[in-house]
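Let's walk through this one together, a few questions at a time. Have a look at the model first.

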Amino acid sequence: MDNPLISVIVPAHNVEKYFPKCIDSILKQDYRNLEVVLVDDGSTDTTSLLCDQYAQKDSRVVVYHKPCGGVSDARNFGVSHAKGEYFAFVDSDDYVTEDYISYLWKLLKAVPGCKLSLCTLFDVYPLLNKIVDTGDGTEMVLSAKDCLEMLCYHDKVDTCVYAKLYHRSVFENIVYPVGRLFEDIGVTYQLIDKCPEISCGFKSKYYYIRRDNSIVTSNYNKMKVDMLEMTDRMASYVSTKYPDLKDATIRRQVYARFSTLNQMLFTSEDTDVKKEMISFIKDNERSVLKNSKTPKRDRVAIYSLNVGLWFYKLCWRVYLKVTKGV
């Protein structure tokens, strides 16, 4: 079939402020053979009503109302109920270009037997009124191993569930971990590794809204450390199957510690966790620094932390102010 049914799965929970822009962008796709699966995950605002209104206006929209189980539960529900031969995802507070689906489909069908394609993101910073294009316009076909290596280095390939088009068979025996944060990290590498070839288009078609204006003060909670477990699971899997990617997975593990540490810098909670993360970074810093593929930001972070936590904290404040306006 030239234009198979593609299910766009949208988990939604209390997003009335952003929901219309998101759904309108999906319904305006130039690829028309869509099933738009809206999973209302126990919303208590007008999101539920908005879902039903969209279903009344467009026959391609299918709505499911369920008790709140979290984004992983909603995604799993959407996957199990979607009827399309292919799946794509959009988070309910983001939006996409009009050719989001058609571009991913073009990439996928260009490679016989391909079951996964991906594109890059526009990072949107509302406080700075700034949009950053993370792509470079290139297109290529990668093996699972090469794609995983790029993912470990944050080299245009991301762990996010969105900005990808999947054949439904890729999800057989794979579910998102319910009740955990950073569920994408725990699943995307498995989906990639089920595909001998991944068709990659590093053109940005997905607008990812970075709503992190409270990152300095109150956005840490104990579940943030889920990133460490999810990353370590991925690292163990990848380095076991592809031993020559060990340096790449160590880099990713160190990055996860820095990312989590940044969330905790301005709290007095979980001191032992902070110490463990800093210890892990220091134990592996030599491997990361001698790795020619390590991003410059990682190197600066390690050098800053070696001066002292106080200095690293100061540098992080400056970085947030310059890049995110907070």
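Q: Which helix gives the largest share of the nonpolar patch?
A: In this predicted model, V307, W310, L314, V318 and V322 make up a nonpolar patch on the surface. Together they have about 530 Å² of accessible area. The biggest contribution, 4 residues, is from helix 11 (residues 309-324).

Q: Is L314 buried, exposed or partly exposed?
A: L314 sits in helix 11 and is one of the patch residues. Buried would mean under 20% relative accessible area, and exposed would mean over 50%. L314 comes in at 45%, so it counts as partly exposed.

Q: What about A248, buried or exposed?
A: A248 lies in helix 8 (residues 246-264). Setting aside neighbours within four places in sequence, A248 is in contact with E149, C152, Y153 and N291. Its relative accessible area is 2%, and the cut-off for buried is under 20%, so A248 is buried.

Q: How far apart are the C-alpha atoms of A248 and F122?
A: Along the chain, A248 and F122 are 126 residues apart.

Q: Which residues touch the most other members of the largest nonpolar core?
A: That core has 99 residues. Take L38: leaving out residues up to four places away in sequence, L38 touches V10, F19, I23, C51, Y54, V61, V62, V63 and Y64. A second, separate core of 5 residues includes F122, V124, Y207 and I209. Back in the largest core, the residues touching the most other members are F19 and L38.

Definitions and conventions. Residues numbered from 1 in each chain as written. Predicted model: local features only at pLDDT ≥ 70, side-chain atom pairs only at ≥ 80, totals over all residues. Heavy atoms only, no water. Core = buried A, V, L, I, M, F, W, Y, C linked by side-chain atoms within 4.5 Å. Buried < 20%, exposed > 50% of the residue type's maximum accessible area, 1.4 Å probe, protein only. Contact = heavy atoms within 4.5 Å. Helix = DSSP H or I, 4+ residues; strand = E, 2+ residues; numbered from the N terminus. Patch = residues over 30% accessible without salt bridge, like charges linked within 9 Å, V, L, I, M, F, W, Y side chains within 5 Å. Areas by Shrake-Rupley, 256 points an atom, 1.4 Å probe, with all protein chains shown as cover. Salt bridge = Lys/Arg side-chain N within 4 Å of Asp/Glu carboxyl O.
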